[in-house]
Every structure is written in structure tokens, then in C-alpha cells.
Amino acid sequence: MSEVVPEHEPPRSSAVEAPGLSTLEQPDAPSFEPNRLLRWLYSRFFRHMKVDERWSGSVRESAARGIVVYVMRSISVLDFLCLDYLVKRFRLPLVRFVNDLGLWILEPFGRGGRRLRLRRQIPQEEALAKILQDEESALLFLRRPPAIGEPPTGQGLEVDLIRRLVEAQRKVDRPILILPQVFVWTMRPPNRRPSFVDLLFGPAEWPGRIRVLLRFVLNFRNAQLKSGEPFDVRQFLDEHQDLTDQEAADRIRYALLRRIERERHIVQGPAKKTAGRIREELLRSPRVRKQVEAAARERDEPVAAVERFADKELQRLQAIMDPNMIRLFEAVLGYVFTRIYDGLEVDMEGLERVREAARRGPVIFLPSHKSHVDYLVLSFVLAQNMVSPPLIAAGDNLSFFPLGWFLRRAGAFFIRRSFRGKRLYSGLVAAYLRKVLAEGFNVEFFMEGGRSRTGKLLPPKLGMLSMVVDAGLALPDRSISFVPISIGYERIVEQRAYAHEQEGGEKEPESVGGLLKTPRVLRSRYGRLYVQVGRISSLDDLLSEAAALRLQKQGAQKQGEPADPRELKPPERRALINRIAHRVTYEIDRATIVTPASLVGTALLSHPRRGMTHAELLERCAEMLAALQRHGARVARPVVREDAQVVPPPDREARCDVARELLRHDAVEETLALFTDAKLLTTAQAAGERVHQVPDARRLALEYHKNMVLHFFVPSALISNALMVGGGPIALDTLRERVERLSRLFKYEFMYRADATFDEIFADALQTMRDGGEVQIDGDQVRASEGSLVPVYAHMLKTYFEGYLVAVRMLSLLPREGEMKRKDWLKQALARGQKMFLAGELSLAESVAKSKLENALLALHDASMVRASGETLARGAAMADDEAQGALERRLQKYL
């Protein structure tokens, strides 16, 4: 987040005010004292500036360690005035010296007064040395803007003040800490090629005074201050004792310019190239040329014709990010989100980790995908928090006019759902990704491929990820980071559409008609929206881990030079991509926040009876909250009281007591109102107490909220179901065998840890349940503790057992010879499942869902019960045994 400087004026020093900008000459180094006009400008304009919350703390910390010297890139009177205002406002070390600003008699710190009185000027290097000797702070500009006729880059200064810093550091005891400062006046990145405006008024990186003034007048409300990592001059000199003062100064100056550029890049993104130039460079690249020539030979067409085709494909593909469109979207989304959401909760610590990753290189954002709103949320959050929005991979189903025109200019690039049989198109997409990463753009895509209709993460699709990994391997000078993002909702905009599809309805294609429903959306309320950041992994670290694993498998490192970790054999490359995909998926699950809606939804659906009293609901919410805390889940702020202890105690009863104290009853009430508004819940008064009921027709929609946090409970739920069979103690080996069989059956429903074996996951889950007082282990016997949540955990998966039971029973629909269309089988299976529910063979309406039947088909295919081939189904080899279907059905029945 950023904070806006308060409205009142900064404290004034006791220096005498000069007629112009400057103070008159003072015996000791004075601070700059603005006149009345400038004080009015300070209060009128500078108070709107957005400042990184950590900025003042970082400066204070540096001041405690040593002498603070602020550094900026290009000489600017405006930047000096802004920094002077802010250091006074936040009571930080005051600026006592600045380079010659070219203001003649208006120069600050007495230099203008000396010129006015025709007195000798104190050389800048002497004045700086005196300031540093007195352990005061200074502001140094590293370059000056180019004059007319000079190259459009920053020009060197007549006096090398960085060298004077090096010389001063060798004389003073305290370390000199240089703090790079960046004022970002516009989100528009600089042009890669200078335009006519750049030649006339100076380039964006090195603006002349007229451009600085215009930029300030037009953008002062959006101005942002960014601070780079402090540079310790003493530490640098100690580490490079062989350097001369000039060599050390040159290296320090280069390092500071790099840090300043990194901070600018984080906010504005890479320098701008036109869309036509990017396509031209892509089509000229050797790799794309080879693919075009190969396609021409394959199609027996002229190379020029295939080039024109490739150019058109790139036009349909590429993003044309426009900062003005980003600002328009930011304003519109700010209005829309305020209308439909009660708040936007952002993981600010995670966002700071994103900034750190962005300083190293391009960032790959990998968010969960539950709604079309996902395309907009992350870019909005990043723009609001001074991070350049990414280019977003979107399906070509969203490229329709007029939405596609706007999305493309907001950073979306549109790709087809399938690349099968389109080698040239696949090559163009891969080349485009390499190009944007090489240019320094951040990229966002949804690894799940499509939106989750169930609330659970979908299995990762590896196509886009493999292209990004290949691009990263081909760009060794770019440090690419993978950022898992969990986007959570208390109520989903597409809720009714998802329930309709789960019940067997057809998916409605995106169209202008869908946009016209927006006013209806704006009249509804959807609770809060949550953005959480998981653990960030860099490609370099993942490659190092993969190399270490290879060496470990080989037993010992071979003699000679170690192999380049980027040189991977095809199996090693596939293993790396799978490791990244599963790690990101696991991290998204771990970062998923427990919202009031997911907590209340889980409590309601974990209750086996028709209705639930309000007291029972509060008790179950407290029990669920305690269990989630034990599993290390992140809990949304509205769920718990801010003044209560959040760390759960080890004892189960004590943990539940703490959870009862933590739970905010008003959050439960708000969620109940939200569910009632969405017609997911009905409430009746009986004997003076409220009783909550979930209508059978709406249980499938409510299950969406339960599924958002179900992954935290899956290991415990699998163990609980295995324990509940028979009702008594069970041998540990038998329990392990049952759980392993269940985990294989449901492997397409749930994402398991990829960094551990089944035995390790089972042991950890069982130990967690034992530590939580849920189970007791006597020797090799395991049993559920009295009054534990084991029956509740088991009930959480009942809908999946019932859904799979429907799928197994409906295998009889498949013809003994020949095939059946998958679509027809699903339609009939859903109808039969609905009949089973109405007849009482199934107890939960949400068991009859398209997603459960589709995942069951995948599991039955693995068991050779079904042959699934594209859009058709046939009986598998195991179905030759007439008892196979009945045996599997009986095995499922015993868990029900």
C-alpha cells in the first residue's frame, strides 16, 4: 500500500527566508527553507504524493546505521522540492546539500545569495565534504538532462561528487549509506526510440524543465515515490580494496543507476515498443524464420504468403498495453468493485515479496481461476500498489468486440484453446512469450486452463508453463520468478451459471449479451474479495534443486566441471515442468484464505441433518476454525476478532475454546445474510431459536464455498472415512492400505503434495490428527477419539463417494459392444443420479454433479473399467468380469 502525505505543512527551520527559492548564506549548513509561494505549492500539490509505507522506516534505519545520502538520476528542481517536503514531513534527515541546479541566484543553501552579493562560490566538492564531515545528509543527482543537439541520454556532470563520497568515506568513521530515490510522475513507460517530443523536451528518463513542469501539472495526484535498496559505501570499499577512488566511483554510479532503473521498471514496466516493431522483430528472428519456411514447404505455399499469415496471427495474438487504458480500467474497476464488493483484502507482505522478485527479473503470475473477474483483479491490485500490471494470457473466446479491444489494450493477449495440429501457431506463441520476457514484461496466465466450476483447483495444464520454462532456459540473463496467487471470493459472480453447468446444462458462450447483464451484477452484493500470495520460486533455484536431485540419484558428483543446470535432457525438462506445476498448485492451495463464506459454508454442509440451529452453527464454525488453524491455514481478518489471540494452543478442547473467543459472530451473521440474498439458505424460527436450512436445489452452489477450503481437510477426511468403516479400532497397516486406495480413487478430485511420498503424507496427517486429539494410537491399533471431529471429516467426502457410486452404477449404460458418446452418457447418468436422490438412495443433492462424474470416469479409466477416448466411451477390459462392477459398487457402499 501507499500512504498520502497529510495536508498540513512540514515543520519549518529557523533559517532566514530568501526572496526566491534559496536561503541566504548561513554560517552552518542550513536546511532549505521555502518561501510563502513554495509553501503554498507544498501544501496544494505535494500532499497528494503516494509514498511507499516502508520508505520512512527504511530511511530512519539507514540514518541509525550511518550518514544518509539521497541519490536521484537526473537533475530536477521539482524532484528536489518534493524530497525536501517529504523528509521534513516525516521528520527524516534533512537535505543540507544538493548539486548545482542551474538556478543562478535562486540556488538553495546560500549559493544563490553568494552569487547575488558577488561573493566567491564554495566549490561543490568542498561543500559536500564539509556536510559529510559534519555527518549531515545530502541529495546528489547522477546525471543532467541532454541539451538540444546532444544525444537523448543522461549527460555526465562537471563535478564527480560520487568520487567525493568515496574520498569522504575513507576519512569518516561512520558508513555512508546511499539511498536511491525515484519519483514516478506517470505510469507511461519511456519510448525505446526517441520521438519528436523527446528530442524537443528531453526523453522521459532525462526530461527537460518544460517536460518536468507539464508532467507535474498533469500527474501530481498520481505521483509516486519509490526507494531502492541502500548502498553501503564502506562495505563496498572493504570488499574492493584494490580499486582506485575513480574506479570505485564509476562502479558505484553504475550500481546506483541500475537500482534506480529497477525501481522505475517495477512501476512503469519496460521501455515501450510499437506493436508493429515487436511483430517485425519476431518475424525476423532466426527461430521464427525457420518455422515459417518449414510451414511454407509443408503447405507448398510461397514464404511471403506464410509470413503474411504469421503476421496476421501475431496481430490477433499480441497485447497492445496502453497506460491510459490501464488508468481507465483502474478507475472503472475501482467504482465497480466498490459497488459489488464489501472490501478488497490484499496480502501486503506477499506483495512486497513480489516487488523483491520483480527487482531480479520478469515475474510470472500464476493465479487461481474461479471467475472472469480474475482477469481484472490482479492487474487492479498491482496498479493500485505501484507495480506494473502484467501481460495476461486470455482465451480467444474473450476477444469479441468490444470487450476484446479494451482487454487487449489493458494487457491481454489472446490464445486459442488448443494448439493441436497447428505447429506454426504454437511456435508463434512460444516466440511471443520469449520476446515479452526478454523485453522485461511480467506475464500472467491461469495454469488451470479454464475457470473452476467447483471451487477446487483444477489439475494444471502444462502447455503455457512449458513455453515459459523454455523461454526462461533460453534467457540466462533473465531471472524469472513464479508467483502463486490465490484469488478468493465470498460469493462468485457466475454462481448460477456454474450450478447450471454442474447440473448438466450447456455452457453459455461469452458475448455482448453477457456484458449487458452487468447492470444486474452491479445491483448485487458479493461480499469481500481476497488476494493472497504464495511462496515465490525462481527458475534458477528450481534448476539448482533439480541439479542437486540428479546428483543425489547418481550417488556422487562426477569428476570435472559440473554440467550447466540449464542444459536439460527431455525427461529432465518434463520433470522440471511437472515439479513447477505441482509446487505452484500446492502453494496456491496453501495461500488460499479462509473466508467467512467458506467457513460458514463448510459448517453448514458438514452437518448430516436437514437443519442446523444457530447455536450448532456457531459451535461448528468454531470447531472448523480451530481445525483450520491447526493445519496452518490463513484466516481472513473479518473472521476473527482483532484483539484476540490467534496462535492456537496444542490441546483440542483448549483450541476450540480459543476459537470460540476468536470467532466474530457478526461475520457469521453477514455471511448468512449474503447466502440468504443469493437464495442459498433459508432460516426459520422454531421454539424461539433460528434454524438454518440449505435447500436441496442450492446445495450444489453452496458446495462451491466448502470446496475452496476442502483441501485443508482432505488428508484427515480420507483417514476418517477409513476409520469409520466397521466403527471400531483398526490396524495401522489396514488403515494405511485403505487410505492409499481411497487417495488413488480420488486422485482426480484432490491435489496432493508433490514433494512427499504417500507414506510420508499419511504419517504426517495421522500425526497431526493424533496431536490434535482426533485419534488415539495404541500399539498398532488406531481409533477415533470420543467426541472428535472424525465423523465430521468423514461426512465432508460423502458427496464424492455418492457421486462415484452413481458413475459405477451407470457403467451398465455402456453397450457391451461398440461405443457411446460421452455427452449422452453424462446426460443419462445425471438423470439417473437425480432419480436415485429423489428415491432416497443418495442422501446429498450435491452428489449429482457433472464434474464428479467426469472425474469418476478418469478414475474408472485408470482401473480399466472404462475406455475413454475423446468424446466416446466404451467398456474397459475389467468389465469382462461381470462381478467387477458389483465389487466396486459394494466397496463404495461400505463407506456410506
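Predicted model: local features only at pLDDT ≥ 70, side-chain atom pairs only at ≥ 80, totals over all residues.
**Exercise 1. The chain as a whole**

Task: Find how many helices and strands the protein chain has, and what percentage of its residues count as buried.

Solution: 
- Step 1. Count the elements. The protein chain has 37 helices and 27 strands.
- Step 2. Turn to burial. The chain has 896 residues, and 54% of them count as buried.
- Step 3. Look at sequence separation. Take the contacts between residues at least 6 apart in sequence; 75% of them join residues at least 24 apart.

**Exercise 2. Helices α11 and α18**

Task: Describe how α11 and α18 pack, and classify their relative orientation.

Solution: 
- Step 1. Two packed helices are described by the angle between their axes and the distance between the axes.
- Step 2. Read both values. α11 spans residues 275-284 and α18 spans residues 423-439; they pack at about 120 degrees, with axes 11 Å apart.
- Step 3. Classify. Roughly perpendicular covers 65 to 115 degrees, and roughly antiparallel begins over 145. α11 and α18 are therefore oblique to each other.
- Step 4. Assign the hand. The crossing of α11 past α18 is right-handed.
- Step 5. List the residues. α11 contributes Ile-278, Glu-281 and Leu-282, while α18 contributes Ala-431, Tyr-432, Lys-435 and Glu-439.
- Step 6. Sort them. Four residues of this contact are nonpolar, three are charged and none is polar.

**Exercise 3. Helices α12 and α18**

Task: Are they roughly parallel or roughly antiparallel?

Solution: 
- Step 1. Read the geometry. The axes of α12 (residues 286-299) and α18 come within 10 Å and cross at roughly 170 degrees.
- Step 2. Apply the cut-off. Angles over 145 count as roughly antiparallel, so α12 is roughly antiparallel to α18.
- Step 3. List the residues. From α12 come Arg-287, Val-288, Gln-291, Val-292, Ala-295, Glu-298 and Arg-299. From α18 come Arg-423, Leu-424, Gly-427, Leu-428, Ala-431 and Arg-434.
- Step 4. Sort them. This contact has six nonpolar, two polar and five charged residues.

**Exercise 4. Lys-852**

Task: Is Lys-852 buried or exposed, and which side chain joins it in a polar contact?

Solution: 
- Step 1. Locate the residue. Lys-852 lies in α36, residues 850-862.
- Step 2. Compare with the cut-off. Buried means under 20% relative accessible area. Lys-852 is at 2%, so Lys-852 counts as buried.
- Step 3. Identify the partner. The side chains of Lys-852 and Glu-703 form a polar contact of 3.0 Å.

**Exercise 5. Backbone geometry in loops**

Task: Examine the phi of Arg-91, the phi of Asp-300 and the peptide bond from Phe-401 to Pro-402.

Solution: 
- Step 1. Take Arg-91. This non-glycine residue has a positive phi of about 55 degrees. Arg-91 is in the loop between α3 (77-89) and β4 (95-98). At 63% relative accessibility, Arg-91 is exposed.
- Step 2. Take Asp-300. Asp-300 is not a glycine either, yet has a positive phi of about 60 degrees. Its loop runs between α12 and α13 (303-317). With a relative accessible area of 70%, Asp-300 is exposed.
- Step 3. Take the peptide bond. The bond from Phe-401 to Pro-402 is cis, with omega near 5 degrees. Pro-402 is in the loop between β11 and α17 (403-409).

Conventions:
Residues numbered from 1 in each chain as written. Heavy atoms only, no water. Helix = DSSP H or I, 4+ residues; strand = E, 2+ residues; numbered from the N terminus. Buried < 20%, exposed > 50% of the residue type's maximum accessible area, 1.4 Å probe, protein only. Polar contact = N/O pair within 3.5 Å; in protein donor to acceptor, adjacent residues only side chain to side chain. Axes fitted to C-alpha atoms, helices over the stretch in contact; angles between N-to-C directions. Parallel < 35°, antiparallel > 145°, perpendicular 65-115°, else oblique. Left-handed = near helix turned anticlockwise from the far one by under 90°. Contact = heavy atoms within 4.5 Å. Nonpolar A, V, L, I, M, F, W, Y, C, P; charged D, E, K, R; others polar.
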